Amino acid sequence: MPSRIPSHPLSAGRVAVLADSDTRWKWGALTARRLAPDARIDGLLLRGRATPTPRQLAEVGVATDTLREVTGAQFVRAALRGDEPYDVVVLACVGGAVQAMLHGLARAAAEPVGSPAARRPVLVTGYVGIVYEKLADGLLLRHGADLVLANSRHDAERFRDVYRGVGADAGGVVECALPFLAGTPGDSATSDTAGATGPPAGGRPFTVTFAVQPSVPDNRADRAYLLRRAAEHARAHPAREVLIKLRSRPGEHTTHIEEQPYQKLAARVPGGLPANCRLVYGHMGDVLDRTDLLVTVSSTAALESLHRCVPTAVLTDLGVREALGNHHFLGSGCLASWDELDAGHLPESDPEWTARQGVRPDGGYDAAFDAARARVAELASAPELPLPAPYYTPVTAPGYLPRILARYGFRPDGTPRPGADLGASGAANGLRAALRTAVREAARGAYRHGVQRVAPVIRRMGDL
């Protein structure tokens with residue numbers, strides 16, 4: 001078995017992004033564009049419950065040369081094909097999927113079938129936002145990629161500590177930044193804001209945006225409370241506009257399961273939503289362009305807002321708790337309650353805290369990608385690269401790794417399981433392909449119905 005396989009120079013400019021949800025697609029596509037601005041980008045959507053819809057993909061605003069849905073086995077074959085090799089593959093997936101793809105790639109590259117010229121791309125992965133839970137689990141599942149991008153100095157230090165703590169190589173951790181912190185302080189509405197109570201310049205209303213999250217908080221009562229408080233804030237400040245920024249439309253799924261959509265809860269707000277309070281969709285950057293105060297529980301939108309120097313409130317109404325993720329903002333200066341916001345408070349962020357969290361309103365944002373670009377270029381131009389070597393192996397995690405691999409269609413040795421490659425090009429006629437598509441969409445619809453309607457009813461019955 002060969003221990004090393006060929007690589008190739010980055011100048012060829014071909015990048016693949018494998019994503020399994022809308023948020024990870026956003027991170028992966030934007031990361032690919034920042035690492036290789038002039039490259040051809042192929043989008044590969046990993047088939048699953050949260051495969052993004054065309055609307056969700058378009059909302060990110062990153063054009064790709066191709067876009068298709070794949071299984072894990074299909075991805076491995078595409079990543080290692082010899083006719084049009086990839087320079088870089090961005091694994092924008094949940095940790096388990098990343099681990100499965102790394103093992104699948106390592107196995108397929110070690111025993112190439114067909115063309116011996118199959119080339120190993122540089123493998124890049126990371127996190128789509130704030131890392132406040134499953135730190136060790138998520139990191140160890142991502143170990144084995146050439147680069148594990150950390151979104152801040154704080155994260156880079158934590159990531160290296162985890163890898164060193166288990167005796168794993170920490171050399172792949174590279175400090176970077178969230179790729180969608182693209183706005184500048186001048187882009188936001190805040191630069192034209194007259195004050196907390198006075199109207200902004202230009203005659204537009206002072207705008208408060210409540211950025212909701214699919215799974216935080218995770219129960220109906222708390223979500224209804226937050227929505228009610230947003231509506232009451234609008235009633236108490238009729239000169240303001242209050243926007244409820246939603247992540248997805250009904251029927252769509254995001255990175256996290258949303259069992260209690262705010263669209264449904266809005267219909268039950270006592271007295272209804274006032275005229276100056278409404279639900280909005282769209283690109284977060286576009287919404288921030290007209291925002292004077294961003295309110296959230298713990299969304300990554302808070303970092304986008306802070307990057308633009310928009311006053312940002314991380315709510316404490318439901319406590320400061322690890323389960324909510326708002327504990328991540330301790331020391332930020334952003335923690336506040338709806339009562340304080342109703343009274344006119346505009347939080348001021350601590351500059352030392354924002355600097356450690358990778359928020360760079362001072363103009364150093366673009367330079368944050370320099371180290372990652374340099375590392376990718378160095379690896380891509382090397383004459384050969386070692387096979388991926390994840391920390392988890394059948395020896396280090398015999399009771400855990402096989403379950404992870406099986407979930408994504410691989411055997412414990414990294415080879416595809418029988419039937420895992422269904423849907424490959426040319427494998428079936430058009431009728432069978434259409435039937436598979438129809439069955440898959442029906443299954444997704446049933447899953448979403450179960451999550452959003454059946455599961456909450458069962459839980460309520462269990463509480464009786």
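At what angle do helix H5 (residues 135-142) and helix H6 (residues 153-165) pack, and how far apart are their axes? In this predicted model, the angle between H5 and H6 is about 75°, and the two axes are 10 Å apart. Angles of 65 to 115 degrees count as roughly perpendicular, and H5 and H6 are therefore roughly perpendicular to each other. On the H5 side, the contact is made by Leu 135, Ala 136, Leu 139, Leu 140 and Arg 142. H6 contributes Arg 158, Phe 159, Val 162 and Tyr 163. Classified by residue type, the contact of H5 with H6 comprises seven nonpolar and two charged residues, with no polar residue.

The chain as a whole contains 15 helices and 15 strands. Of its 464 residues, 53% are buried. When contacts between residues at least 6 apart in sequence are considered, 75% of them join residues at least 24 apart.

The phi angle of Lys 134 is near 50°, a positive value in a residue other than glycine. Residues with over 50% relative accessible area count as exposed; Lys 134, at 61% relative accessibility, is therefore assigned to that class.

A positive phi is also found at Cys 309, again a residue other than glycine, where the value is near 65°. Cys 309 is located in the loop between helix H10 (301-307) and strand S13 (312-315). The relative accessible area of Cys 309 is 41%. Because the partly exposed class covers values between the buried limit of 20% and the exposed limit of 50%, Cys 309 is classed as partly exposed.

A cis peptide bond is present between Val 216 and Pro 217, with omega at about -10°. Pro 217 belongs to the loop that connects strand S9 (207-211) to helix H7 (220-236).

Technical notes:
Residues are numbered from 1 along each chain as its sequence is written. This is a predicted model: local features need pLDDT of at least 70, side-chain atom pairs count only at pLDDT 80 or more; totals for chains, interfaces and linings use all residues. Side-chain values use heavy atoms; hydrogens and water are left out. Axes are lines fitted to C-alpha atoms, for helices over the stretch in contact, and angles run from 0 to 180 degrees between N-to-C directions. Helices (H or I, at least four residues) and strands (E, at least two) are DSSP runs, numbered from the N terminus. Angles under 35 degrees count as roughly parallel, over 145 as roughly antiparallel, 65 to 115 as roughly perpendicular and the rest as oblique. Contact means heavy atoms within 4.5 Å. Ala, Val, Leu, Ile, Met, Phe, Trp, Tyr, Cys and Pro count as nonpolar, Asp, Glu, Lys and Arg as charged, and the others, Gly among them, as polar. Buried means under 20% relative accessible area, exposed over 50%, partly exposed in between (1.4 Å probe, protein chains only).
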